[in-house]
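Hello,

Here is the structure I promised to pass on.

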Amino acid sequence: MFRSRFCVCVLCAITAAIVALLLLLGPQSAHAGDTTPKGPVSFIGDVAPILKENCFSCHDAKKRKGKFDMSTFESFRKGGEHNNPVVDGKPDDSFIIDSVKGENATRMPPKDSGAGLPKEKIAILEQWIKDGAKLDGGLTVKSDVSRELRLRWKPPAPPAIYDKFPAVINALAFTPDSKSLVVGGQHELVVWNVAEAKVEKRIATRAERAHAMLFLPDGKLVVAGGRPGQEGDVRIFDINAGTPKTVEGAPMLDGINDKAVMLKQLLDADDSVLCLAVSADGKKLASGGWDRIVNVWDLSKGIAEAKLEQSIENHADKVFGVSFTPDGKFLLSCGFDKTAKMWDLEKKESVLTFPDHQAGVNGVVAKGDGKLGFSVGDDNQLRAFNLTGEAAGKQVRAAAAGGKGVFKIVQDPKQPILVTCSADQTVRLWNTESGAAVKTLSGHTDWIYAIAVSPDGTMVASGAWNGEVKVWKIPDGTIVKEFNGSPGYKTPEPPKK
């Protein structure tokens, strides 16, 4: 479902230049190869980032490989199968240093995960141990290291203009009046006027990427996202409040520090949050993400008193989609564990599992009458399955929904239409009653990761990997507007033949 790109040519040129410079200056430098840290070494400022980047994937509170948990200072000092990983004042006698310097199969990080720890980072660990392996003041031995690192991290400002690369569009949502479209950017949300394809305003965010967004009945915007592998969050914004500044001719709101804009943070997670759903009555909100956990909040008393109702661990891997049944009593979810599931919110138990995709399941929704669930996945199929009766969890029908993986599925709020998007660069419309394909909307030139239907039910918007955003009329499939969702980005001219 996810991919990354690299600019190899530029990287090679930079690397070559650096190597040449080192060859020229190396013999003349009095400190060439000196990796000794300059000044005192801080556990939380210098050591903890090294541990999180290189060790936490195997040695956090959940995985604890070798019974070694590094998520707190206390558990790190305790060690695992090898006790006393750190001997105060003696780096040469410390198991952690032996591990990162090792050349055999016991080297950490393991050889199959890539290159070992650079010499300068090993030097930081050694100096910290030599100085007594102390914990910074203001922290306790039980402080969660990942959370402390997040608290100290300062998000960068969004690009004034996207002059090099476009933003990957992972999420978008129409405003309640169907006149504007909120598009996720790089550390920002961008509000576009649909009729004019013009930026109305921008909202700076802590999250590097928005992976899901929706409007609540009161007009407030809920956004789920984060920094991959670093943190995840669910936050509620008022995009019509705050004091903006002007950036490239458009108002920019502060969605990080301005409390009039960023109203509430509901969740602080260790990795990105990928999906959201709100119940039909607006009283419950759900999210899911990389940590496998589905969280459900009670919003019945308003945003200010939003309460985490339950955290559900019903999947064995990442959660890609959530959806309430129309009556709000059950929650559908799906994920990388190749299943879609249904959870009874009152009884707090799983009531069905749908395994027929036999591949990652990327999106799920419940039919308007609550009788069927619809799911899409990496098997390129749109599948319908029963939610009620003796046949609950059994497939009703399936249809090819793309030539490659299908990423999202949403319902038209006004008519019996499902909308899907795919890596085959198409958006497809389906009849919810018959399961028949209604239309295929083409024109994108890259994988389509995000779709949204306007609240009035007349338009569908889609966003792609390369920043393309297209808005179509649902009745006839004609284009309303198309633009790149990255302010200031100019699409490169195609190569001349």
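Let me begin with Arg-77, which is partly exposed at a relative accessible area of 22% (buried means under 20%, exposed over 50% and partly exposed in between, with a 1.4 Å probe and protein chains only). Before going further, please note that this is a predicted model, in which local features need pLDDT of at least 70, side-chain atom pairs count only at pLDDT 80 or more, and totals for chains, interfaces and linings use all residues. Residues are numbered from 1 along each chain as its sequence is written, and side-chain values use heavy atoms, with hydrogens and water left out.

Arg-77 forms a salt bridge with Asp-88, with 2.6 Å between the closest N and O atoms (a salt bridge is a side-chain nitrogen of Lys or Arg within 4 Å of a carboxyl oxygen of Asp or Glu). Arg-77 sits in helix α3 (73–78), while Asp-88, 11 residues away, is in the loop between α3 and α4 (95–101). Helices (H or I, at least four residues) and strands (E, at least two) are DSSP runs, numbered from the N terminus. Asp-88 is also partly exposed, at 43% relative accessibility.

How many salt bridges does a search of the whole structure find? The search finds 20. Another of them joins Glu-313 and Arg-292, at 3.3 Å from N to O. Glu-313 lies in the loop between β14 (307–312) and β15 (319–324) and Arg-292 in the loop between β12 (284–289) and β13 (294–298), so this pair ties together parts 21 residues apart in sequence. Glu-313 is exposed at 52%, whereas Arg-292 is partly exposed at 25%.

Asp-379 and Arg-383 also meet in a salt bridge, at 3.0 Å from N to O, and both residues are buried. Salt bridges with shared partners also join Arg-147, Arg-150, Asp-268 and Asp-270 into one network.

Now for the largest pocket, which has a volume of about 1400 Å³. Of its 47 lining residues, Leu-214, Ala-277, Val-278, Val-410 and Gln-411 are the closest to its centre. Strands that each supply at least two residues of the lining include β5 (209–215), β11 (273–278) and β23 (406–411).

On the terms: a pocket is an open set of points on a 1 Å grid over the protein atoms alone, where a 1.4 Å probe fits, with protein on both sides within 12 Å along at least five of seven lines; lining residues have an atom within 4 Å of a point. Grid points are joined across faces, edges and corners, and the volume is the space filled by probe spheres set on them.

Enjoy exploring!
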